[in-house]
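Hello,

Here is the structure we talked about handing over. Please open it first, then read the notes below.

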Amino acid sequence: MSDLESIATVETPKTQERQGGPESKPRSATADAWYELRRKPLFWIAVLITLVVVVMALFPSLFTPNDPGACALGRRLADPTGAAIFGYDVQGCDVFAKAVYGTRNSVLIGFGAAFVAGVIAMLFGVTAGYFGRWWDAIVSRVIDIVLGLPLLLAGIVFMKRVSNAGWGQNGRITALIFILGLLGWTTAARVIRSSVITTKQQDYVAAARMLGAGNGRIMWRHILPNALAPFIVIITMALGAFIAAEATLSFLGVGLIPPSQSWGLDISEARNYMREDFVPLAVPSAFLALTVLAFIILGDTIREAFDPKLR
Amino acid sequence: MANSTGEVILSVDNLVKHFPITQGILFKKKIGAVQAVDGVSFELHRGETLGIVGESGCGKSTLAKLLMRLEHPTAGRAVLNGRDIFKLSGGELRRLRRNVQMVMQDPYTSLNPRKTVGDIIGEPFEIHTEVAPRGDRQRRVQELLELVGLNPEHINRYPHQFSGGQRQRIGIARALALKPEIIVCDEPVSALDVSIQAQVVNLLEKLQDELKLSYIFIAHDLSVVRHISDRVGVMYLGKIVEIGTEEEIYERPTHPYTQALLSAVPVPDPDARAHRDVIRLEGDVPSPANPPSGCRFRTRCWKAQEKCALEEPLLIRRAVEPHPSACHFAELKHVVA
Amino acid sequence: MQVETARPVGRHLLEVRDLFVEFHTRDGEAKVINGVSYHLDPGETLAVLGESGSGKSVTAQAIMGILDMPPARIPSGQILYNGEDLLAMPEEKRRAIRGSEISMIFQDALSALNPVFSVGWQISETLRVRTGMSKADALKRAAELMDLVKIPAAKARIKDYPHQFSGGMRQRVMIAMALAMDPKVLIADEPTTALDVTVQAQIMDLLADLRRDLNMGMILITHDLGVVADVADRIAVMYAGRIIEHADVHAIYKQPAHPYTEGLISSIPRLNSKGQELATIKGLPPNLMRLPSGCKYHPRCPYMQQPICTDVVPPALDLGGGRTSACHFAKEMLDGQLHR
């Protein structure tokens, strides 16, 4: 379908620009994807949720005047009043304020773990794909092994040790970030490895090599920018998964512990009396579900936008 | 293009490239080899164009990759300015890169889509910082754009904003940036439309005259090769089967494969239809992983005899004609009308 | 545009009448086909010659009914097969014609064949689905078809998969598939572009033999002036979605009646002479989003004269003998009176 291709690459007449006409805007693969994304309502909904969640994590006091730690047993399971729009939990704490303040840890751990996973994945994925041979064989086997470890089970085992060592609040957050990151980089590494292998065979990479470019220049200047798209997608989706994993671990009692605030902790606590009052369970669950969903939708819409076959 | 001075600039001697065929994942076992290039020798003179023609799988693109040091040969030498290019490394290899450049076939994949034209043509200067001082680079890039017939103001545009022919000009400008003596052109016009092809061929000829370049012009289009080449080598299954001046190959071919190839080219003249004498070759090119014994062309050759299976014909001058031909039964046959 | 003045008697096997096709893109409407008319009779070969973007393939896709709509749109035009308009037909009826009465072969046989089914299965599939033939009968017919397209040891290779065939043989398999239903019209879209010269000669021979033996009408879509000269009876040269010249193959090579045709013919290097600098067509093919005014070729034309060429769209001038040219100065060109 050479005819269709040439429609896409038609050229503005030279004369027009010589007279100082407007430069036609460059449209790269990224710009194409952006064009696709802009027109998707689902994408904007996901972006909006993500933004709200991030702002909430940074400035929780913007969303509620109440202190999540200020609990009074006298308000046990009381009905909503004023700022406490979802009422109070079994210990008389503001359900909404707790969920809002829980955002910070959830998001911190999610982003932190995604960053750790992303760095590891990129380092191993890019070099394995680029250099191949024995290094690729080793990295691929390591990925297989790590992938064989169930994220949650391994998380429980590691966090149990952390719990036994009696680490404090910050220590636990750091531990969660690294444990989730160290266990969760494999899919992203596989994805970037295979897209590096594809990109490596492009003619422009050969052209750079023929000019005498070194491995570093070829990897970071030529291959990585062209191989990054699927990686970003996977990491975005993983971010949601990490937030969910933190909640699960906290729910199981091996993640964060009170007085830390976290959705997982809230859920874990509220489940004990869910027959009595459903709201203290539903609110953090909804926060969690919406955030995870937002990241997955974000990843999915970006992937679709970058995949020309789906257009 | 009779501006060749006769001085040999590149001398390729018995070049061999076998790609191993392996089996097994952990412990790879070699079970065979694709004989992509198998004993190729030729000389390139300063200022001349050596055309290399052949069908797909004949090894002409592997030959280009070898000369560009993208692949390492299994055996053989290529001497440029007194040095074997396959023994160079480090700084010497970098100097070789400056001296030998390539124009690739596909103008759509050979330019990094995320870089501007300025970045692409300027990259050689970034890698070889000694060639042009930093402040001078933009001017040099614009000069190169002008040289290949593009608007120097388009320096900040992206490749996809150009048509195929213009992209090929960008690729040519990139190859010229380091002022090489030799340019290997691997099917440089085969991806282009007819009306654009002629523009690029003319540009290559103009640049050769102005910059005293030597070309190795690899293509499957025999008409284009004749137009641009001073001498022509015909490849079949990893070997050169016949080599000579453009006139010798096209007017006085002696190898049956060259004759078949030439006769099969459709001639843009409907009146020639009736009296064209196309030599119909049987079947397809055999696999280079398992080439026929003796003469590699014998399985499709109408002249093949027992001798052809037993004894490999050497690329030597035959009695009928002064130019080298690798056929035991070389004979003159006029096939081009 | 009228390729020939209306024929009073007898209708053509296939006739495209004043076809327009647009593509809706994000940058606007691309006018890909701008009034194309041509016809085809049984047993003849019409070559549609053009460069990428000329609309030669899109016309064929419109005939086959395999255009993606949207983005494509056919605002007007008729495609008559045996006098019936394919575009006005219900989809079901059209599907019965597509692939059985009119079939098509493509440039890239490897991607046109399904890698997970044997070639025999793929050739016989059409027969089983369309005619309800039994599996055994269909396979037997598939072997016959493979024999017809001169695949050696057809019976033995019927269970082989596409990757086990060479490029030329795959092209033959695709031709066999296209012939399964005895089509009356075969559209060959760049059938030999991906093939080597020696194999190309084999395939073109085969197509010519089949056309003659089966009395098919063949539309050969190509950019290769050499191939056209070898096999075509008539040529339609396309530029920017129009047929700018239509003529008998001998006439057109002897004396082109359109500057674009002349430019094409003189810009190809010849096998039989070394020649000097190649003649070129200046500039670039037009942007289909912003077609030039008047004659679409005027920005590149060496004979361009203002204001007629820049302002007036040239009609298809009838030059007699079925020959037309969409150039204001077609008659002068034919008489050799036109100078740069």
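**What was found**

In chain C, strand S3 (residues 45-49) and strand S9 (residues 234-239) run parallel and are joined by 4 bridges. Helices (H or I, at least four residues) and strands (E, at least two) are DSSP runs, numbered from the N terminus. Ala47(C) has Ile235(C) as its bridge partner in S9(C).

A word on the basis. This is a predicted model, where local features need pLDDT of at least 70, side-chain atom pairs count only at pLDDT 80 or more, and totals for chains, interfaces and linings use all residues. Residues are numbered from 1 along each chain as its sequence is written, and chains are lettered from A and ligands numbered from 1 in the order in which they are written.

**The sheet in chain C**

An open sheet of 8 strands runs in the order S6-S7-S8-S3-S9-S10-S12-S11 (chain C). Its pairing is mixed; two strands pair if DSSP finds at least two bridges between them. Strand S6 (102-105) and strand S11 (317-320) of chain C are the edge strands, each pairing on one side only. From one strand to the next, the twist averages 20°. Helix H7 (residues 167-179) of chain C lies across S6 and strand S7 (185-189) of chain C, at about 170° to S6(C). Axes are lines fitted to C-alpha atoms, for helices over the stretch in contact, and angles run from 0 to 180 degrees between N-to-C directions.

Chain A has 13 helices and 0 strands. Of its 311 residues, 41% count as buried (20 or more other C-beta atoms, placed from the backbone, within 10 Å of the residue's own). The largest nonpolar core has 278 residues. Such a core is a set of buried Ala, Val, Leu, Ile, Met, Phe, Trp, Tyr and Cys residues joined through C-beta atoms within 7 Å. Helix H5 (residues 95-131) of chain A gives the most to this core, with 18 residues. Ala188(A) and Ile216(B) have the most contacts inside the core. Leaving aside neighbours within four places in sequence, Ile216(B) is in contact with residues including Leu44(B), Ile52(B) and Cys185(B) (contact: C-beta atoms, placed from the backbone, within 7 Å).

**Where B meets C**

The contact takes 36 residues from chain B and 37 residues from chain C. On the chain B side, H6(B) gives the most, with 6 residues. That side has 19 nonpolar, 8 polar and 9 charged residues (Ala, Val, Leu, Ile, Met, Phe, Trp, Tyr, Cys and Pro count as nonpolar, Asp, Glu, Lys and Arg as charged, the others, Gly among them, as polar).

Best wishes

How values were computed. A residue is buried if 20 or more other C-beta atoms lie within 10 Å of its own, exposed if 12 or fewer, and partly exposed in between; C-beta atoms are placed from the backbone. Two residues are in contact if their C-beta atoms, placed from the backbone, lie within 7 Å.
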